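Good morning, and thank you for giving me a few minutes of this meeting. Please look at the structure on the screen, and I shall then take you through it part by part.

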Amino acid sequence: MSQTTAQNTKSADIPITVENVTLGYGETVILEGVSFEVNSGEIVVIAGGSGCGKSTVLKGIIGLLRPLAGRILVHGVDVAAADEKQLTEVRKDFGVLFQSGALFGSMTLAENISLPLVDATHLDKDTVELLVRLKLSLVDLDGYEEYMPDEISGGMKKRAALARALALDPSILFFDEPSAGLDPITSAELDRTILSLNQAQNTTMLIVTHELDSIYTIAHRVVLLDKSAKGIIAIGDPHELAQTATDPRVKDFFHRKARE
Amino acid sequence: MRNRRSKEHYEISLKGAPGSDQVLRLSGRLDLYATGHLLEQFKRVLKPKPPSSLSVDISGVKYLDSGGAMALKLLESQAAHQQVPFKLEGMTKQAQQMLQLIQPDKLAATPPPTSERRGNIIENLGAATRKLGGDLLDVIAFVGRIFLALVHVVRRPRSLRWRDVELYMERVGVDGLPIVALISFLLGLIMAFMSAIQLKNFGANVYVADLVALAMVRELGPIMTAVLVAGRSGSSFAAEIGTMVVNEEVDALTVMGFDPAVFLALPKIVATLLMMPLLILFADLMAILGGMIIGVLYLDLTVYTYVQHTMGALSVADITTGAFKGVVFAMLIAGIGCQRGFTVSGGAEGVGKVTTSAVVAAMFLIIVADSIFAIVQYYF
């Protein structure tokens, strides 16, 4: 661990550093030698076709999947080597929006959102209730405190889950396919919410998606993964990449062309 | 990063006498953790005597998150409510954006939705009764569907998914055998031991064999096996089908033109029907073996005498009745397990509820069925 501490001072300013990471399940290697950084207040999108390992990278960074090799530093803590206690500490500072929302079905929306608030703070009941309503109003769900997750629509569930991820005003937010299963209008609204949160709070965001519209709207930088390359094939501003890329795989992705 | 967790890293100062123009100066971190404290302090600014005007200077604020911004916005709307001129100064661009996100009018508590409102006791009683009646109807309808499906399978055996039947036969029978065998063996052992203490007094040692054989084959073998199968397999059927309902897999089957009851429930029911009598026979055998160990080691009986007495006590009818009970119990356990699975509503919690309900209902029905058997056997 002493080595990691030495590194901490250098990398503490950069919220997320992925260094030469190999990820996979059991014997199957999905990604090899992946390296990139996410700077403070930046929105980075991880994109690529199905099965290229987008969600796997996310799982690695949030500590749900241990990498087979390499280091992943989140606020200077190596989540690949950290024990559960350290991971819990690091996780307190980030929020995750899962693909399905992952709201707890047996709790009302208010209970879902107050769960992290009650656990991590010493705020009194009234303030927690006020904050719950604030979080719901941020995602345009005010008035739905007492609804159960199965009483609201898919898009609303997604937004409620975002409100839960925002509960503690995390400095890093992770999104796994935020627009999956949403109509274009709801999806664009969610993009707007993401942008306004990023600007207002300088929240660092790492978003997994393959929606080109979202990528162009919200991404400061895009990390493009490829299944056969088992790694990154391009990193950069999406508008620039779309225009200047010479790699046919990158071109195809940005111009929605199916490859033979 | 850690100092982010610490509380109240902000400073607050109020200049000007109450009732006159006042300046509130804030600096440091106005974050979520400080929200409760901030709200308290702000209340005191406007009460008991509100200032003639209030200007809030946040130029010294280094960090402002949604919690802090909410407190400021609430102060602003409270001031407006009391008609105190309010001014917010020293905002950074970011703070401005944060404050713009907050809409104080949306923070009022809303009444719970109508579905949450609870009726009075008579309404609830009526609703519960209707639900019970509905459940009963569901069970009867399900039994009908399964019966028709069984008839269909007897006519056209190829319509059943036999590979699934094999799979569930393995899960119910082969995988369940060790625990059924162990429990029955110990049961036989305990029964023999407890009765031996009494029978020894009368020199009737040898009747231990009769007692163990009759009690086990007629009554306890089928019951114990049924309880174990209900716990192992009935619950897993309910959970499996319930999860499929939650994941819309059952809907997918329906729209593809399959009857979910036939596709999902029938293989499980047929497998349980086939394995249950076999498990019961094994249970009987193991219990007799357990009794024999006590008989031979503790009561000085020979293996030959013990086996002779066991065979003398039992008739073929006893064994077939036990096996037949097994068939009936299997139908109840697998049937209720599958039926409950289909009734899941909600998510993970719903699956848990139906699993419990499947096991409880199966045990209840097993005992009821066994009582009916006892009465029928007594008269015929």
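In this predicted model, the meeting of the two chains involves 28 residues of chain A and 29 residues of chain B. Which helices of chain B supply at least two residues each to the side that touches chain A? They are helix H1 (35-46), helix H2 (66-81), helix H3 (93-101) and helix H12 (348-379) of chain B. Of these, H3(B) provides the largest share, four residues. Sorted by class, this side of chain B has twelve nonpolar, eleven polar and six charged residues. As a general remark, the size of an interface is often expressed as the accessible area lost when the parts come together.

Let me now turn to chain A by itself. Ten helices and ten strands are found in chain A. A compact globule of 260 residues would have a radius of gyration near 18 Å, and the value for chain A, 19 Å, agrees with this. Along the principal axes, the C-alpha atoms of chain A fill a box of roughly 55 × 50 × 35 Å. Of the 260 residues in chain A, 46% are buried. If we take the contacts in chain A with a separation of 6 or more, 63% of them join residues 24 or more positions apart.

How is chain A divided into domains? The assignment gives domain 1 (1-93 + 171-200 + 207-260) and domain 2 (102-169). The centres of these two domains of chain A, taken over C-alpha atoms, are separated by 26 Å. Eight residues from domain 1 of chain A and six residues from domain 2 of chain A take part in the contact. On the domain 1 side, helix H7 (residues 184-201) of chain A gives the most, with three residues. By class, that side of domain 1 of chain A has four nonpolar, three polar and one charged residues.

We come next to the sheets. In general, the strands of a sheet pair through backbone hydrogen bonds, either parallel or antiparallel.

In chain A, four strands form an open sheet in the order S2-S1-S4-S5, with antiparallel pairing. Strand S2 (28-38) and strand S5 (77-78) of chain A are the edge strands, each pairing on one side only. Strand S4 (residues 69-74) of chain A is joined to S5(A) by two bridges, and the two run antiparallel. One bridge partner of interest is Val77(A) in S5(A), which is paired with Val74(A). Helix H2 (residues 54-61) of chain A packs on this sheet, where it touches strand S1 (16-25), S2 and S4 of chain A, and its direction makes about 115° with that of S1(A).

Chain B also has an open sheet of four strands, in the order S1-S2-S3-S4, but here the pairing is mixed. Strand S1 (10-15) and strand S4 (86-89) of chain B stand at the edges with a single partner strand each, so one side of each has no neighbour in the sheet. From one strand to the next, the twist averages 15°. Six bridges pair S1(B) with strand S2 (residues 21-30) of chain B in the antiparallel sense, and Leu14(B) stands opposite Leu24(B) in S2(B). H2(B) lies across S2, strand S3 (53-64) and S4 of chain B, and runs at about 155° to S4(B).

Finally, consider Ser13(B), which belongs to strand S1 of chain B. Is Ser13(B) buried or exposed? Ser13(B) counts as exposed, because it has 11 C-beta neighbours inside 10 Å.

Note on methods
Residues numbered from 1 in each chain as written. Chains lettered and ligands numbered in written order. Predicted model: local features only at pLDDT ≥ 70, side-chain atom pairs only at ≥ 80, totals over all residues. Rg over C-alpha atoms; globule rule 2.2 N^0.38 Å. Buried ≥ 20, exposed ≤ 12 C-beta atoms within 10 Å, placed from the backbone. Contact = placed C-beta atoms within 7 Å. Nonpolar A, V, L, I, M, F, W, Y, C, P; charged D, E, K, R; others polar. Domains from an automatic or database assignment. Pairing = 2+ DSSP bridges. Axes fitted to C-alpha atoms, helices over the stretch in contact; angles between N-to-C directions.
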